[in-house]
Structure formats: C-alpha cells, structure tokens
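User: I'm new to this one. Can you walk me through it?
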Amino acid sequence: MKIAVLSGKGGTGKTFVATNLARSAERCVYLDCDVEEPNGHLFLNGPLLSSSKVSLPIPKVNESLCDGCKKCVDFCRFNALAFVQNRVIVFDKICHSCGGCKIVCPQDAIYEVDREIGQIESRTYKNTQVFTGKLLPGEESGTSIIHELFDKIKPEDSLVIIDAPPGSACVVMDSIKDVDYCILVAEPSIFGSHNLKMVHELVKLFNKPHAAVLNKSLGEDNPSKDYCIENNIEILADIPFSQELGKLTAEGKLVVEYNNEAKELFKDLLDKIYKEVRI
Amino acid sequence: MIIGIPADKEDKNSPVSGSFGRAPFYFIYNDETNEVEFAVNDAAKAQGGAGVKAASLIVEKKVDTIITPQLGENASMVIKAANIKMYQSKEGSLMDNVLYLKDGKLEQLGNIHEGFHKS
C-alpha cells in the first residue's frame, strides 16, 4: 500500500504527518519526495547508510561528424540547442533528456553523457527504511529523482509513505501517480483552504482515493474544515494546535515517541487509512 | 554593421522592447545599405528556452551588434559564442538607439540576468 501525504503549500505539516505516521506502523518505507528541501530524515534520523547519484543523459555533439543540418536544433521543442559559428551549443539546464536530438541526427553525431542532478540517501530508523531525494541547488526539476525513489520500493514492502513536495506542480504529480491513497494536510485559514482546493482538484484529476487531515486546528472556525464538508472530503484526523507538539517537532523529535495523545491519534489515523484502502 | 534591437511593434519610431527573448519582433538595420527589416520572433511564445531560440534568430540574420535593455543568461551565451557585440539601450525609439550607437553614446551591456525560467 502506497500513501502520499501532500498539501497545497509548505509548512502545513506534511512531514509532521508523514514521519509520525511512518513511525506508527509496524514496518514502513518512507520516501521523501520533497527533493528541493527534504527534511524527513531530521525526524527519522538513522545514520546514513548509502548515497547514490541521480543523473540525466545530456547530448554532446561530435563535431567531426556534424554537418550542420540543424535537424536537432529544429526538433528540440524546449530550445535546448543552438547552432552558432558552425557548431551546436547544448544548454544542459533547458534539456529535458528526451533523447530526440540523438534520434533525429542523420550523421549519428550526437551521443549522451550523464550529468548529476542530485542524490538519493538511504537510512534506517527503527521500524522505517528512509529514502531521501536531494536535488542539487540550481537544478530546475526533480522529477527524475522522484522516479528513482519509487524504484526503491520492493514488492514485499507492505506500507510505503510518500512525503510529497508542496504545491500541485509536476513533481507532485509524479509523487502521487502510482499511489493507492492520498492524504491532504490542511491548515485552518482561508489561505490554507485555497491551497487545499488546489491539491483536492489534483487528486480528483488523478482519480485517487483521498481524505483530509486538519492540522493546527484552533477550534470551530476552520475554512479548511468547511471546504472538506462542502466537498464531501472525509476528515480522518483533526490535530489541535499545541505548543507542546510544536516544541517537540522544532527539536527534531517525533511526537508519537513523546506524547501519548499524539501516539493514539496517529495509530488511529493509520488504522482508518488501512480500512479506507481496503474498501 | 548589422544592428538588431528587440521591438514591440513593426515601427522604427516605436520604443525598444523591455524583453530580449520574448520581444515579438526584432528591428534589424543594415547601416551600410540602410536596409530595414522587422523579423518575427517565434520564440516570444515558446514555453521555455525563449532566449536561446531568439538569439539563434539574431545569429541567422547575421546581426553583428545588438542593442537591448537586458539579456538573459542563455541568450547571452549564444550571442557571445557568435561574437556579437552587446550594447545597453537608452530611452528612445529604435532608430534613436541606432543613432546613439553611431555617435558612441551607448555603453556595452554589463548586466546579464539569470533569466525568468520556468521548469
């Protein structure tokens, strides 16, 4: 079972929910797909076991074979190639690594070399196997790192929790497209409900079963709760705003290890998710 | 000398466009023959890599000097590789800027911005 935890904005508590949920399971694999700013390993903080590079193929041109036909330049819809002073210039960061230029070159003058864009780190913390995707600063898209993170899942892994990036862009779509269930984490504000609406529209588009977890609730006045009720989104948990939980989290601690109420809450949340997915 | 300037309108008395890569036209002026051309910039509506494509058009048109308010990183790589001179535009029309250049009143372009790329 693969569960993605997502939200329309940063700071709602995706990592809070995902890491504490992971710790509440008997065994779990946790994928940190928030590759621009992964921080799940600060909570699930086992020692680093391994780190592997993630690379993308980038075209290079063998100038002795290139006859300047410019078919590659014309083919590239991302405009990653330019033909200047009788030679092709490749713009690595614009390239989407589709390989099309190599295919259309009639002279076989294009070959590919790997360019590192990030890493995947592996750790084990108690019951949880932690995989962290890290995109190098200045790189534009982490989707390939997310694809490689999903390759880490083995058929025998019964529970996988995916900590998705914030928002609803390509990296989020890649983080949810292969999951069985989505948990939408939302804050009790108008801004929070707007962001909830964005991810809600996304999970509907992907036909994913989903439910909400309200975080940092301050009582009855909660626009995110109103949105859930109006749109028939089941609320699996309503986590009250608590200085204690905030303090524990700020110290890099998992609340389920220190606070009994939180422990019960997350256990209950996990049970509900299991039931939901089985239906 | 063939001069290229980003333009919003096909009118040599219109102002210089604020963007290089996404300008709808380029005013191309040959100062030996006084020939004037407005080249349509297909890159203006490109999803990404507009600077590269636009600069390639400038190269294709055999422009050797550009006058622009600013230039992105990727476009500048193409422009530099083609040994095209870059000057900073001043307030005024396209034709005014051609005259400023001839009078030596324009400075070489120093600030290359990182572009406004979207992934």
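User: Which residues form one aromatic cluster?
Analyst: Phe27(B), Tyr29(B) and Phe38(B) do. Keep in mind that this is a predicted model.

User: How many aromatic pairs are there over all chains?
Analyst: The count comes to four. One of the pairs is Phe20(B) with Tyr26(B).

User: Is that pair of Phe20(B) and Tyr26(B) stacked, edge-to-face or tilted, and why?
Analyst: Tilted, because the ring planes stand at 45 degrees, between the cut-offs of 30 and 60. The ring centres are 5.4 Å apart.

User: Are Phe20(B) and Tyr26(B) buried or exposed?
Analyst: Phe20(B) is buried, with a relative accessible area of 3%. Tyr26(B) is buried too, at 0%.

User: What sits over the ring of Tyr258(A)?
Analyst: The charged end of Lys253(A). The distance to the ring centre is 5.1 Å.

User: New topic. What does the domain assignment give for chain A?
Analyst: Domain 1 covers 2-54 + 117-278. Domain 2 covers 63-108.

User: How far apart do the C-alpha centres of those two domains lie?
Analyst: They lie 40 Å apart.

User: How many cavities of 30 Å³ or more turn up?
Analyst: A search of the whole structure finds one. The volume of the largest cavity is about 70 Å³.

User: Which residues are the closest to the centre of the largest cavity?
Analyst: Of the 13 lining residues, those are Cys66(A), Cys69(A), Lys70(A), Cys72(A) and Cys105(A).

User: How does that lining divide by residue type?
Analyst: Eight of the lining residues are nonpolar, two are polar and three are charged.

User: Cysteines, then. How many disulfides are there over all chains?
Analyst: Zero, from a search of the whole structure.

User: Which cysteine sulfur is nearest to Cys72(A)?
Analyst: That of Cys69(A), 6.3 Å away. A disulfide needs the two sulfur atoms within 2.5 Å, so Cys72(A) is in no disulfide.

User: Is Cys72(A) buried or exposed, and why?
Analyst: Buried, because the relative accessible area of Cys72(A) is 9% and the cut-off is under 20%.

User: And which cysteine sulfur is nearest to Cys98(A)?
Analyst: That of Cys101(A), 6.3 Å away. Cys98(A) is in no disulfide.

User: Where does Cys98(A) fall, buried or exposed?
Analyst: Cys98(A) is exposed. The relative accessible area is 55%, and exposed means over 50%.

Definitions and conventions. Residues numbered from 1 in each chain as written. Chains lettered and ligands numbered in written order. Predicted model: local features only at pLDDT ≥ 70, side-chain atom pairs only at ≥ 80, totals over all residues. Heavy atoms only, no water. 1 Å grid on protein atoms, 1.4 Å probe; cavity = no way out; pocket = protein on both sides within 12 Å on 5 of 7 lines; lining within 4 Å. Points joined across faces, edges and corners; volume = space filled by probe spheres on them. Nonpolar A, V, L, I, M, F, W, Y, C, P; charged D, E, K, R; others polar. Phe/Tyr/Trp six-rings, centres within 6.5 Å; stacked < 30°, edge-to-face > 60°. Buried < 20%, exposed > 50% of the residue type's maximum accessible area, 1.4 Å probe, protein only. Lys NZ or Arg CZ within 6 Å of the ring centre and 35° of its normal. Domains from an automatic or database assignment.
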